[in-house]
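Welcome, and thank you for taking a look at this model.

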Amino acid sequence: MITLHIEHPVTDYAVWKRAFDRFAGARAEAGVLRHTVRRPVDDPAYVVVDLGFAEPGQAERFLRFLTTTVWARPDDSPALAGRPRTRVLTVEEDMRQTDAVRS
């Protein structure tokens, strides 16, 4: 699985989440297989989003879409504060603690 990892501050999580939800169709069309939204326990005005893809090219194309279309228009990215930090990642290891105990 390839992950497009995104993190950035927000001014209002509820406003940001509504905007995020509006792009569900675009995510599906781009090949997003799953997504995770997290917030630090000590900073509710910050979001960390992981979007899962089958191929690196899909993640890179979607990142271009976000950069040129979504984040470039304040109406499409309300509550976005600052420039998002992004990386395209590949999984090297994924082990749950219960798996480690059985070994």
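Which side chain meets that of Asp50 in a salt bridge? The side chain of Arg38 does, at 3.0 Å from N to O. A salt bridge here is a side-chain nitrogen of Lys or Arg within 4 Å of a carboxyl oxygen of Asp or Glu.

## Before we start

This is a predicted model, in which local features need pLDDT of at least 70 and side-chain atom pairs count only at pLDDT 80 or more, while totals for chains, interfaces and linings use all residues. Residues are numbered from 1 along each chain as its sequence is written, and side-chain values use heavy atoms, leaving out hydrogens and water.

## Asp50 and its partner

The pair links distant parts of the chain: Asp50 belongs to strand β3, Arg38 to strand β2 (residues 34-38), and 12 residues separate them. Strands (E, at least two residues) and helices (H or I, at least four) are DSSP runs, numbered from the N terminus. Strand β3 itself covers residues 46-53.

Asp50 is buried, with a relative accessible area of 17%, whereas Arg38 is partly exposed at 45%. Buried means under 20% relative accessible area, exposed over 50%, and partly exposed in between (1.4 Å probe, protein chains only). Not counting residues up to four places away in sequence, Asp50 touches several residues, including Thr3, Leu4 and His5. Such a contact means heavy atoms within 4.5 Å.

## Two further salt bridges

The count of salt bridges comes to three. Lys17 pairs with Asp21, their closest N and O atoms being 2.6 Å apart. Both lie in helix α1, four residues apart, about one turn of the helix. Lys17 counts as partly exposed at 25% relative accessibility, and Asp21 counts as partly exposed at 38%.

Asp76 and Arg73 also meet through their side chains, at 3.3 Å from N to O. Arg73 is partly exposed, with a relative accessible area of 43%.

In soluble globular proteins, nonpolar side chains tend to be buried together. In this model, the largest nonpolar core has 18 residues, and Leu4, Trp16, Leu51 and Phe53 have the most contacts inside it. The elements giving two or more residues to this core are β1 (2-9), α1 (13-22), β3 and α3 (56-70). Helix α3 supplies the largest share, five residues. A nonpolar core is a set of buried Ala, Val, Leu, Ile, Met, Phe, Trp, Tyr and Cys residues joined through side-chain atoms within 4.5 Å.

Leu4 touches, among others, Leu51, Phe53, Phe62 and Leu66, leaving aside residues up to four places away in sequence.

## Rings and charges

There are five aromatic pairs. Rings of Phe, Tyr and Trp (its six-membered ring) pair if their centres lie within 6.5 Å; planes under 30 degrees apart count as stacked, over 60 as edge-to-face and the rest as tilted. Phe23 and Phe65 are edge-to-face because their ring centres are 6.3 Å apart and their planes at 65°. Phe23 lies in the loop between α1 and α2 (24-30) and Phe65 in helix α3, so this pair ties together parts 42 residues apart in sequence. Phe53 and Phe62 form a tilted pair, with 6.1 Å from centre to centre and 50° between the planes. Ring pairs link Phe23, Phe53, Phe62 and Phe65 into a cluster.

Two arginines also sit over rings: Arg27 lies over the face of Phe20, at 3.8 Å from the ring centre, and Arg39 lies over the face of Tyr13, at 3.8 Å from the ring centre. For this, NZ of Lys or CZ of Arg must be within 6 Å of the ring centre and within 35 degrees of the ring normal.
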